[in-house]
Amino acid sequence: MNHLDAAIATTFGQLPSLLLSASDGAQASITLYGAHLVSWRGADGRERLFCSAKSALDGTKAIRGGVPVIFPQFAERGSGMRHGFARVSTWRVRASGVDDGWAYAVLALTPADLAPEHAQAWPHGFELALRVAIRANELTMRFEVRNTGSAAFPFAAALHTYFLVDEVTGIRILGVEREELAISDKFDRVYEGVERRLALVDGGVVLTLRQQGFPDAVVWNPGAQDAAALADMGDEEYRRFVCIEPALLDGPALQPGESWRGEYHVS
């Protein structure tokens, strides 16, 4: 189902991108580089994602902000490139349209799309598909990994979501710890086996975060000192976001012909 009015080809910085628009006013921008959701505004017009003003938007390095797609490795947990190659590869648009009021796009990545050095470093048959859908003040992301090769492979996956907040020290996160979580300085913690429903409280705004297929969650903010050391982040920008990401950090090996799916719903 192709609806040209639901997904318009445009650019974000210097990067080819899709602008998704729902009939109720919700909008999202996705760059083909990394299948990277870089902006999401609900029908209320409020931007929900942080993107650094100092981030490169020319394809020379990973985008700082939005929702980087992490695959097949999380951080330095493996011998490959940090956070994997998916976020620095150019994906193809497989489909876009409107379904029951949801404006959506599906982007795909296979070994044929990889730079030679990435294909050589991770020589497995695979197909990735990311479906992004928006409606009203809701966002749904579905990430699917399929083994198209002849050998099993282990992998990690995450949707490294940077939520825009008024002031990071004023937020509360519910569902990752027994008590509500507040952030006062640098914070980097992995939570394994979390509840499916979390919440981000930012003043009078509550975002409900539901994840399925992702058993883990990661909460991160660099704090003042680490932010100052990042070339692609302004010294004070750490105050405007928190990363709460659904993750599969240590999944079982995916057998030939098998698929894995993880979903993330924000409302």
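Q: Leaving aside neighbours within four places in sequence, which residues is Arg 131 in contact with?
A: In this predicted model, Arg 131 lies in strand 8, which covers residues 126–135. Skip the neighbours within four places in sequence, and the contacts left for Arg 131 are Asp 99, Tyr 104, Ala 105, Val 106, Thr 140, Met 141 and Arg 142.

Q: Why does Arg 131 have no salt bridge, and how far away is the nearest side chain of opposite charge?
A: Arg 131 is buried, and its nearest side chain of opposite charge is that of Asp 99. A salt bridge has to fall within 4 Å. Arg 131 doesn't get one because Asp 99 is 4.2 Å away.

Q: Which strands stand at the edges of the eight-strand sheet?
A: This open sheet runs in the order 6-7-8-9-18-15-14-12, with antiparallel pairing.

Q: Which residue of strand 15 stands opposite Arg 197?
A: Strand 14 (residues 197–202) pairs with strand 15 (residues 205–212) in the antiparallel sense, over six bridges. Across from Arg 197 stands another arginine, Arg 210.

Q: What does the twist average from one strand to the next in the four-strand sheet?
A: Here the order is 1-2-3-4, again an open sheet with antiparallel pairing. Strand 1 (7–12) and strand 4 (36–41) stand at the edges. From one strand to the next, the twist averages 25 degrees.

Q: Which residue of strand 2 stands opposite Ile 8?
A: Strand 1 and strand 2 (residues 15–21) pair in the antiparallel sense over six bridges. The residue facing Ile 8 from strand 2 is Leu 19.

Methods: Residues are numbered from 1 along each chain as its sequence is written. This is a predicted model: local features need pLDDT of at least 70, side-chain atom pairs count only at pLDDT 80 or more; totals for chains, interfaces and linings use all residues. Side-chain values use heavy atoms; hydrogens and water are left out. Helices (H or I, at least four residues) and strands (E, at least two) are DSSP runs, numbered from the N terminus. Buried means under 20% relative accessible area, exposed over 50%, partly exposed in between (1.4 Å probe, protein chains only). Lys and Arg count as positive and Asp and Glu as negative; His and the chain ends are not counted. Contact means heavy atoms within 4.5 Å. Two strands pair if DSSP finds at least two bridges between them. Axes are lines fitted to C-alpha atoms, for helices over the stretch in contact, and angles run from 0 to 180 degrees between N-to-C directions.
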